[in-house]
Amino acid sequence: MLQPGRLARTLAPPSLLIVARIPGTSAATQLSTPAPTRVAHRSFFSHTAAFAAAAPACPPCAFARGGAGRGMSSASAGQPFNPSDFDPQVAAKMVKEGALLLDVRTPAEYADFSVKGSLNISHDELPLRMSEVTAVTGGKMDFPIVVHCRSGVRSGVAKEFLAAQGYECVANCGGLAEAEEMEAIIKL
């Protein structure tokens with residue numbers, strides 16, 4: 001059985017307060033997670049004024065709020081739902097506007113297919129090769145980054161890692177299907 005505090009930290013989005021009744025007690029207990037200092041994207045609670053004001057502005061989120069986001073579920077490991085994730089239109093717009101396109105598949109997978117102009121750093125090598133990301137972004141934490149892999153899972157892990165490093169605008173393009181669609185949109 002999960003302990004209530006662990007459950008709250010595992011399932012709760014950042015800054016969400018959970019009130020739970022502990023079995024065998026008559027009092028409600030408040031469980032909460034600490035608010036992060038930086039957020040990769042506006043959370044799925046961005047429609048409320050309090051959360052919208054607290055989250056930093058992010059181009060893919062702004063684009064998605066305009067109606068272009070498909071609202072698909074994100075495989076972004078541990079990141080809040082973001083309507084711009086798994087949306088090739090948002091990813092293409094970001095890349096056209098100068099975002100770093102990061103392919104986090106293995107070099108062998110990259111050799112089979114790659115989107116022109118993408119930087120290949122395997123998701124498990126990313127912590128060791130952050131200097132390459134910093135060189136492209138110029139160290140600017142608000143520099144937009146689009147990540148993709150084969151299925152969207154490793155790019156979700158990479159998105160979480162980049163957010164933990166302080167990058168504020170990271171979009172998970174998803175897998176190869178979304179990357180190919182994004183590439184076709186870019187070529188238009």
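Tutor: Take strand S5, residues 145-148. This is a predicted model, in which local features need pLDDT of at least 70 and side-chain atom pairs count only at pLDDT 80 or more, while totals for chains, interfaces and linings use all residues. Residues are numbered from 1 along each chain as its sequence is written, and side-chain values use heavy atoms, with hydrogens and water left out.

Helices (H or I, at least four residues) and strands (E, at least two) are DSSP runs, numbered from the N terminus. In a regular strand, side chains alternate between the two faces of the sheet. In S5, Ile145 and Val147 lie on one side and Val146 and His148 on the other, and all are buried (under 20% relative accessible area, 1.4 Å probe, protein chains only).

Strands count as paired if DSSP finds at least two bridges between them. S5 is joined to S3 (residues 100-103) by 4 bridges, in parallel, with Leu100 partnering Ile145. Another 4 parallel bridges link S5 to S6 (residues 170-174); here Ile145 partners Val170 and His148 partners Gly174.

The open, parallel sheet has 4 strands in the order S4-S3-S5-S6. S4 (119-120) and S6 are the edges, each with a single partner strand, so one side of each has no neighbour in the sheet. Helix H8 (residues 176-187) packs on the sheet and touches S3, S5 and S6 (contact: heavy atoms within 4.5 Å). The direction of H8 makes about 105° with that of S6; axes are lines fitted to C-alpha atoms, for helices over the stretch in contact, and angles run from 0 to 180 degrees between N-to-C directions.

Methods:
Buried < 20%, exposed > 50% of the residue type's maximum accessible area, 1.4 Å probe, protein only.
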